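Work through the exercises below with the sequence and the structure at hand. Each task is followed by a solution in steps.

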There are 2 protein chains.
Amino acid sequence: MKDKAEQTAQEPDLNFIALQLEGLEETIIYHLIERVQYYKNSVIYVPGKSGFKGFARKSLLDIRLLYHERMDAVFGRFCVPEERPFNIKLPKPRRNVHLPPYPLALKDYNSVNLTGRIKQDYLELADKICRNGDDGQYGSSVENDVFALQAISRRIHYGAFYVAEAKYRKNPSRYRGLVEAREYDALLLALTRTEVEEKIIMRVKAKVRLAQAKVNTKIRTLIDPALILAFYKHTIIPLTKQGEIEYLFNRVPGS
Amino acid sequence: MKDKAEQTAQEPDLNFIALQLEGLEETIIYHLIERVQYYKNSVIYVPGKSGFKGFARKSLLDIRLLYHERMDAVFGRFCVPEERPFNIKLPKPRRNVHLPPYPLALKDYNSVNLTGRIKQDYLELADKICRNGDDGQYGSSVENDVFALQAISRRIHYGAFYVAEAKYRKNPSRYRGLVEAREYDALLLALTRTEVEEKIIMRVKAKVRLAQAKVNTKIRTLIDPALILAFYKHTIIPLTKQGEIEYLFNRVPGS
């Protein structure tokens, strides 16, 4: 029998959550660095141009993402709250997934799913960070796109779910009031901590620079740190807050 | 119609090959760093303990590797010489893979397949670099194991195939003589460049250190660079040379 400490969900703590989010920065940066080692290979993003049997209307990236998520679903990935899938109608897990109790108050984790906008913004990012041209390495390009998309999605949904719940618990009546009044702008303001956002952005920029500091540029392609900074500023941080608001709107009342 | 330059395989060049191998170092290092963010979770390596339906005798890692390679096979990964699979009986590609002509002389790329030994040595490495314990993150652990295994395998097979072919072309009669006489030790000596190996090892060690130089150790786990150095010294470099010898033994005569 497990003891009680293991069965009770821990109180979400903003400092702990911030550290988790910080730890995911390296993962995102590594995958983006790996992606830019290949050319843009734009054809992999064009629906109907995959050259793949049985998917006349999908792009090669979409087909790869579907195959990858079908595999991940079978292994139980999407039982974890922050792992939200880009596809629907995925198979059930085929393994026993032992999950800890999560300190979250959603009936259905998919009631907050920002993957559509994540993919859209990621495609714009890929367009900027990859060199123009075609090296024929389509398989490796979509493989790394999928890794990057999953890492970015995990970061955004983790932040959305846990930060919203932690902030709610600190002041339930205030957030409940704002949600009930559908005060979107006031919610956004309450959830915004400009100095924290600024700190994240500068730290990410420094990490991208450092990760590439001693790279042999004869063979490895570099990313401009400013582009990753901009992606954090204009996509990751705003979508996380968007997710926080959606979390609060979908939060199970009374829990 | 493609022009002739595109259809003729380029002469393998040792400097170009060395740069490719150097470029794969970051990929290997990143994946290992990602793996050690999770605990060892030894149960994922134990056959019969996967908790996965339909695979009574496999470990969770082996099941993940099989699923991943089945997906990769459908996307055409194993049409590329240096991408050798850990599994057999994989499905055929479902997309049109346009491959450049490779300057290699093997009838069947799988006649040189070192994945068995790579997996064995990788499991010993994982045992050393991961923290003891179990965090329940089995899915993420095997996911990163697969990425690391594939990156290491690509490095070893790329080196084995292209270095062997390049060296052969520089002195065909000498290598042909050694192969025909089954002079294993003399071949190993001819293929060994101690000063190059030493340079690789020290460079990898420096890269591991640099990649972790400014990491927040409150949340990210570090790898001892000496362990990666040792893995290059005792696994990656020797297996690459082993693969070079097997390549030469399997090389199609007269080509």
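Helix 5 of chain B passes helix 9 of chain B in a right-handed crossing; a crossing is right-handed if the near helix is turned clockwise from the far one by less than a right angle, and left-handed if anticlockwise. The model is a predicted one, in which local features need pLDDT of at least 70 and side-chain atom pairs pLDDT 80 or more, while totals for chains, interfaces and linings use all residues. Residues are numbered from 1 along each chain as its sequence is written, chains are lettered from A in the order in which they are written, and side-chain values use heavy atoms, without hydrogens and water.

**Exercise 1.** Describe how helix 5 of chain B packs against helix 9 of chain B.

Step 1. Helices are DSSP runs (H or I, at least four residues), numbered from the N terminus. Helix 5 of chain B covers residues 138-170.

Step 2. The axes (lines fitted to C-alpha atoms over the stretch in contact, with angles from 0 to 180 degrees between N-to-C directions) come within 8 Å and cross at roughly 45 degrees.

Step 3. That angle makes the two helices oblique to each other. The classes are roughly parallel under 35 degrees, roughly antiparallel over 145, roughly perpendicular from 65 to 115, and oblique for the rest.

Step 4. Contact means heavy atoms within 4.5 Å. Among the residues that make the contact are Ile152(B), Ile156(B) and Tyr168(B) of helix 5 of chain B and Phe231(B), Tyr247(B) and Leu248(B) of helix 9 of chain B.

Step 5. By class, the contact has 13 nonpolar, 3 polar and 4 charged residues. Ala, Val, Leu, Ile, Met, Phe, Trp, Tyr, Cys and Pro count as nonpolar, Asp, Glu, Lys and Arg as charged, and the others, Gly among them, as polar.

**Exercise 2.** At what angle do helix 7 of chain B and helix 9 of chain B pack, and how far apart are their axes?

Step 1. Helix 7 of chain B (residues 184-191) and helix 9 of chain B (residues 225-250) pack at about 120 degrees, with axes 10 Å apart.

Step 2. The pair is therefore oblique, and the crossing is right-handed.

Step 3. Helix 7 of chain B contributes Tyr184(B), Leu187(B), Leu188(B) and Leu191(B) to the contact, and helix 9 of chain B contributes residues including Lys241(B), Ile245(B) and Phe249(B).

Step 4. These contact residues divide into 7 nonpolar, 1 polar and 2 charged.

**Exercise 3.** Classify the angle between helix 5 of chain B and helix 6 of chain B.

Step 1. The axes come within 5 Å and cross at roughly 115 degrees, helix 6 of chain B being residues 172-180.

Step 2. Helix 5 of chain B is thus roughly perpendicular to helix 6 of chain B.

Step 3. Pro172(B), Tyr175(B) and Arg176(B) of helix 6 of chain B meet Lys167(B), Tyr168(B), Arg169(B) and Lys170(B) of helix 5 of chain B. This contact has 3 nonpolar, no polar and 4 charged residues.

**Exercise 4.** Is Ser141(A) buried or exposed?

Step 1. Ser141(A) lies in helix 5 of chain A, residues 138-170.

Step 2. Its relative accessibility is 0%, so Ser141(A) counts as buried. Buried means under 20% relative accessible area, exposed over 50%, and partly exposed in between (1.4 Å probe, protein chains only).

Step 3. Leaving aside neighbours within four places in sequence, the contacts of Ser141(A) include Arg35(A), Tyr38(A) and Asn41(A).
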